[in-house]
Structures are given as C-alpha cells and as structure tokens.
Amino acid sequence: MATSANGPRPGPRLGLLITSIDVFNPEAKERSEAGIRAYFDELVASGKVDAGSVVVGRIERPHEAVAAAEEFAQACVDVVAIANVAFPNGQVFLALATNPHLSRLPLAVIADPEPKGDEWATNAWCGAIMNNFAAHRLGRPIAAIPGPSDARSFRDEFERLLRVAATIKAMRHEFIGRYGDAPGGFHSATGDQLAYAAKFGTRVDTVDLSAVRECFTTGKTSGYLADESFTDDDVRATMQSVREGREVSVDDQMLERGCRMYHALRCMARANGHTSLALRCWPEVNEPHIGVSLCLCISLLLGNADVRAAACEADWPAAVVQLLGTLLTGQPAVCLDWVNYTGGSDIVQLGHCGVGLMGHMAAGCQCEVVTAHPVLRQGGRHMGPVHIGQYEYGPKTGICMMQDVDRRFRMLAFTGESGPETDRGMKYVAADVRFPKYRELHRLILEGGFPHHLAVAFGDIREDLRLLCKFLEVEYVEP
C-alpha cells in the first residue's frame, strides 16, 4: 500500500489467536474458526494487515497461550485479537493481556453469537464477557467485537480496530519539527513534551528560525539524515503548479517568495527526518524580516504529502491532533481556529488565515484564491501569499485536545456538515459546518478548557477516535 505522508497507511501486523476449551459442539467450532481464518486471509491479501501477520490456533491449554504470546512478540505484531470459537480457557486471555512485550498494544476479543438451534453449541460470547471482566480488573483496555466474521457490522468494527492500531503505531514513530517557538501568549501551543511522548510516543525537535531563513536564502541545508537543496527551477515549477486551476491575484515576486519558502521547509523536513511540522508563522517571517507568509507553504506541504501535519503558530500539540485525523482518514487534516461565538448559531465557523489545502477545496466555492491576506492584522503591512476558500464540502470532524492540571488528556470531537448553504463567505480559509448541538458544543469548549486551535478531518471519524481514546486512556467527550 502507499507509504506517502498522507494517504492509505500500510496495514498493521496482526497477531490472531484462536481458542476454545475442548468441549461444546465440534462442528460449530469448526464453522466459526473457518470463517475467522478466511477473513484473516482476506485481510492479508488485501493489504489491510501486514503480510507478516500471524495466526495461531486453535489452542485449548494455558501454556500454549504463553508460547503464542511469545510468537506474537517475536513477530513484532501491532495489534492482537483473541477469537473465542467456544467458551475459552480463562488463562489464555491473561497470558496475552499481561505479556510484557504486548502490554501496550491494542487488544480485541472476538466471538460469534450462539448458533441458532436447541443445542447449547459454543457459549463463545459468554467467554468474551469473561475476558472483558478480567480486562477491566487488570486495567487493560480492549475492544469486544461480536461476529459472525462475514457480517458487515463485524468487518466494519474490526477494520476500525486495524485503522486505530495503525494510527497508534505511526504516532510512536512521529518526529515533529517545531520551527521556532510559539508567539507570546499562545500558552496552549507550548505543551508538555514528555507527557505527549508517554501517551502518544511523539517526539518534538525544535529548530531556530535562523536555520529556516538560511535555507530560504541559500537553497540548501544539512540535517540529521542528509544534505538537501533546491533550485530556482524547482521554485518556478511550483509556481506554475499553483497557478493551474485557481485564481492567483498576487504578483510574481510574492508568489516566488512563498514557493521558495515551501521548498526551504520541505528541504529541512527531509534533511532532519521531520514527519510533521509546527511553524512559527508570524511575526518574524512576515514583513519586514523575511517577507513571506507561511500560509501557502503549509497548503503545499500538506497537499503534496510532504508531511503528515503542519500546524500554525508553532502549535506542536495541535499538530499531534492533526496527525490523528490524517492517519485515521488517509487525508490531511487541517489546523483551524474557533473563529466565532460557537453558542450563537448552528453554523459553527472554523477557519484560519490562508492555509487552504491544495486539491481539497470546494468545487464552485466563492473564492479559491491565492492572494495577499485580506486581514490587515500586521499594522497595514502587505502579507502573503495565502490560499483562501472553503474546504471541500461534506462531513467534517472537529478534534480538540487538552491536558488538565493533573496531566490527564481529554479529547473533544464533533461532526458537522459543510456545503454551499453553510458558507459564511469570509475571506479566509474555512470549514463552516452546520451542527445542531452548537450550544452544548460551546459549553464543552469552555467548561473543558479546550484550546483555540482544533484539527478538522474530512469525514465522520468519531467512532475511530472513541476507540483510539479507549486504548490510549484519553477521556473522550462529544456533544
């Protein structure tokens, strides 16, 4: 499968254990196991799980489970599923749930409902309840997914588990480049790096803006991994691609500076192995210091899949939230503000300066324009280039996360629908969505102390986020 920064992620490596005790109906157990094994083969063939995935079974004794857990550990699986095809030996779940090499992995228990008939054939789901009881006493989050394995509902739930497992794996390899610190007063953009590392596995690498300026000026940089450079021809080719299919109302000089800065940031990310970025986009890089806005650069970095997330105002915690949206959907999530009083209308306005996403803007939108910023917040200085307009219409999930004074993480998520009728027509980049529970949303934002930045992902991924939060032990709330 594709391995670009945005797009379909490689499937996680699955460890599947099939288990039962040695009684109950043999034919019923065989049917259940055959269905599960067939589905496993489909997942491998389709690339939804890694080709190195492992299936073990059917096991009936506790010491066999210890050996299976070690086999999964040696295979470096990313997610474990226990399939009860009949009532299980209760020690099997414990052997996997407490194995030190598997202790931080997503874990699921699956079982078919009792087959129809007058015989008590499997008692498999009773075993799932027994496993769930043990999981709660152990403090080990699990997903309990009812079969049968050929049902659409089962497959939707299991493939959600796989998406979440792949996201957790990817987050633990994330290396965020923070280019410059947050502007004064942006307290939510500072964050506790070690708390995020403990929870998500993310690492943050801070780079001074002087290095950005040096690369912008010279066209080259050196980093942890490589030396990188770009040419004037590269810049001109990007300028041409920006002009194609959209209105460009800035002069060539401003567009050239924006595209040159894009190449500088891309070179620095590649040279250092930064998978995502958080950029101090003002005031230093604007007039009179470097003379370019980073808005168009962020649009290009995300639209061209150079990075998985790119957050404004050096807000690396917001980049972490963006990452969740990007990894779960395979499309780049964006960093926006709550830009209006959310308690006053069922049209919730979400927007930012000019980070319109290349390739993901609404067809027929009033304004998909590369322009100078129409908001004169810089004391009248000319600021640009920016890419403004509405993001492509359809469902959007807003994701906002905070850490309270006790270091506990809390996530707020909601899904609204955007369309021509929700477009408020403001000259910035926006996802104006209709959300009927807007008063409750407003209450949760304020009472929860959530930050002013949120990530907006394309589609409705609330159930994915809920499962992710369960495994990572993050409090999840939605209106």
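Modeller: Quick ground rules: the model is predicted, so local features need pLDDT of at least 70, side-chain atom pairs count only at pLDDT 80 or more, and totals for chains, interfaces and linings use all residues. Residues are numbered from 1 along each chain as its sequence is written, and side-chain values use heavy atoms, with hydrogens and water left out.

Biologist: What makes Tyr196 and Phe409 an edge-to-face pair?

Modeller: Rings of Phe, Tyr and Trp (its six-membered ring) pair if their centres lie within 6.5 Å; planes under 30 degrees apart are stacked, over 60 edge-to-face, the rest tilted. Tyr196 and Phe409 have centres 4.9 Å apart and planes at 90 degrees, so edge-to-face it is.

Biologist: And why are Trp338 and Phe414 called stacked?

Modeller: Their centres are 5.7 Å apart and their planes sit at 25 degrees, so that pair counts as stacked.

Biologist: How do you know whether Trp338 is buried or exposed?

Modeller: Buried means under 20% relative accessible area, exposed over 50%, partly exposed in between (1.4 Å probe, protein chains only). Trp338 has 15% relative accessibility, so it counts as buried. Phe414 has 2%, so it is buried too.

Biologist: Which residues touch the most other members of the largest nonpolar core?

Modeller: A nonpolar core is a set of buried Ala, Val, Leu, Ile, Met, Phe, Trp, Tyr and Cys residues joined through side-chain atoms within 4.5 Å. Of its 71 residues, those touching the most other members include Trp338, Leu350 and Tyr391.
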